[in-house]
Amino acid sequence: MCAATLIDATDALLSRYDQLDLRGLSVAEVAELLRQQGAAYLSPIERIELAERLITRRRFLIGAGALALGMITGCGSQEQAAAPTATVATTRTVVDGLGRRVEVPAVPQRVVALHDLDNAYALASLGFAPIGMGSITLGDPFERLRSLGPIPPALEQTVEVGLLYEPNLEAIASLQPDLILGTRGSHQQILDQLTAIAPTVLIDQTAGDDVLSNQRFLASLVGVEDRIDEQLARYEARIAALRERYADTLNTLEYTRIDSYGVGAEDNYLILFDLTPGTRVLTDLGARRSKTNGNVDNDPFPAISLERLADYDADVIFIGVEAGTQPEPQVLQLLSATFAGQNNQIFAVDYGVWGFRLVDALFIVLNDIEQILSSRSLNTAGDFR
């Protein structure tokens, strides 16, 4: 095991909450404590990040038993020698998600992307091949990426460098990168070790003024930004065609998005965060957020209890769940009396894809909505108005 244990990571995330003493607790005990009390201390986005940490740790323990000892250590030595610095002709300065001014190669060639989705896939889907990547599952770096479709060919030769939250520093250094990419939520704690290897740029997954802000920034770092524009041109053409075809429905449709994380009642959220593919596509199609959502406009991640779900009625309710699953029966029961429930207009969607801030996700969300529109006629005369 490496020094950056789950409890260390959790303590770092909860450092300002003195009321919660997590040291010495098992993973199960931490999960139960957060299930019972997490809402009192954590914002929804922090609880989402922590849930991913717990998932990562569980999969690490499973994967470690299946791999030969020494194949992947999970963490590198904190005292390894710095890798040789790659020679570049010119450099430029960029501002990353922490507000740091970072000098990076003008044309990076050897990029290690520590986050499977927000770094590695964000570039590989545009045709740029990172030489290394972190993943959420030890031994299967592409597990989460499959929800977005076929694995990009640009990742075929990419080397796994450990878990997303516990990258193997020795493996990273051995690749001799000229640029390392990470995320604020996952890699800020090891920034000093990363910058000792190569220039490191972190993105803030919740920041930006557009759904594609972070992907566009990363694309600009490696010179493939024009490929986002090419894909967006195709997306806009599909939006225009679909909006014209279903104008009568879309122009009067009001919706609610509810995303569910974890197992506790406090882990169900009404998601109003505008910087998600789900909201971007629905807005581009002409649909509007339900008027019942107006009282929480100033909170992008308002947490709501199960008992309050029915207050957020709409013509259509999209419930984000884990891929391949359905909403909990209790949730559907509570929503059965809503206008959406009475008209059988509650739809389960993949909360991962509907939340991934990538251009590929826009197309998948668009496919989901087109399938709904083409398969039935929606009642958009909701009495909740």
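How many of the 10 residues of helix H8 are buried? Eight of them are, so H8 is largely enclosed by the rest of the structure. Here buried means under 20% relative accessible area, exposed means over 50%, and partly exposed lies in between, with a 1.4 Å probe and protein chains only. The model is predicted: local features need pLDDT of at least 70, side-chain atom pairs count only at pLDDT 80 or more, and totals for chains, interfaces and linings use all residues. Residues are numbered from 1 along each chain as its sequence is written, and side-chain values use heavy atoms, with hydrogens and water left out.

The protein has 14 helices and 12 strands. Helices (H or I, at least four residues) and strands (E, at least two) are DSSP runs, numbered from the N terminus. Of the 385 residues, 55% count as buried. The protein exposes about 16900 Å², and carbon and sulfur atoms supply 50% of this area; accessible areas come from the Shrake-Rupley method with a 1.4 Å probe, and for residues only the protein chains shown count as cover. A contact means heavy atoms within 4.5 Å. Among contacts in the protein with a separation of 6 or more, 69% are accounted for by residues 24 or more positions apart.

The buried residues of H8 are Ser213, Asn214, Gln215, Phe217, Leu218, Ala219, Leu221 and Val222. After H8 comes glycine 223, with a positive phi near 85°. The axes of H8 (residues 213–222) and helix H9 (residues 225–245) come within 7 Å and cross at roughly 135°. Axes are lines fitted to C-alpha atoms, for helices over the stretch in contact, and angles run from 0 to 180 degrees between N-to-C directions.

On the H8 side, Gln215, Arg216, Ala219 and Ser220 meet Glu225, Ile228, Asp229 and Leu232 of H9. By class, this contact has three nonpolar, two polar and three charged residues. Ala, Val, Leu, Ile, Met, Phe, Trp, Tyr, Cys and Pro count as nonpolar, Asp, Glu, Lys and Arg as charged, and the others, Gly among them, as polar. Glutamate 225, in helix H9, is partly exposed, with a relative accessible area of 30%. Leaving aside neighbours within four places in sequence, glutamate 225 is in contact with Arg216, Ala219 and Ser220. The C-alpha atoms of glutamate 225 and leucine 123 are separated by 9.6 Å, although these residues are 102 residues apart along the chain.

In soluble globular proteins, nonpolar side chains tend to be buried together. A nonpolar core is a set of buried Ala, Val, Leu, Ile, Met, Phe, Trp, Tyr and Cys residues joined through side-chain atoms within 4.5 Å. The largest such core has 63 residues, of which Leu148, Val201, Leu221, Val281 and Phe318 touch the most other members. Helix H14 supplies the largest share of this core, 10 residues. A second, separate core of 15 residues includes Ile258, Ile304, Tyr312 and Ile319.

Aspartate 368 lies in helix H14 (residues 359–375) and is partly exposed, at a relative accessible area of 25%. A distance of 9.6 Å separates the C-alpha atoms of aspartate 368 and aspartate 350, which are 18 residues apart along the chain.

Several loop residues were also examined. Most residues other than glycine have a negative phi, and most peptide bonds are trans. Glutamine 176 has a positive phi, near 50°, and lies in the loop between helix H5 (169–174) and strand S6 (179–183). Glutamine 176 is partly exposed, with a relative accessible area of 38%. Asparagine 344 also has a positive phi, near 55°; this residue is found in the loop between helix H13 (339–342) and strand S12 (346–350). At 55% relative accessibility, asparagine 344 counts as exposed. Asparagine 251 occupies the loop between helix H10 (247–250) and strand S8 (254–260) and is partly exposed, at 40% relative accessible area. Not counting residues up to four places away in sequence, asparagine 251 touches Arg243, Gly286 and Arg288.
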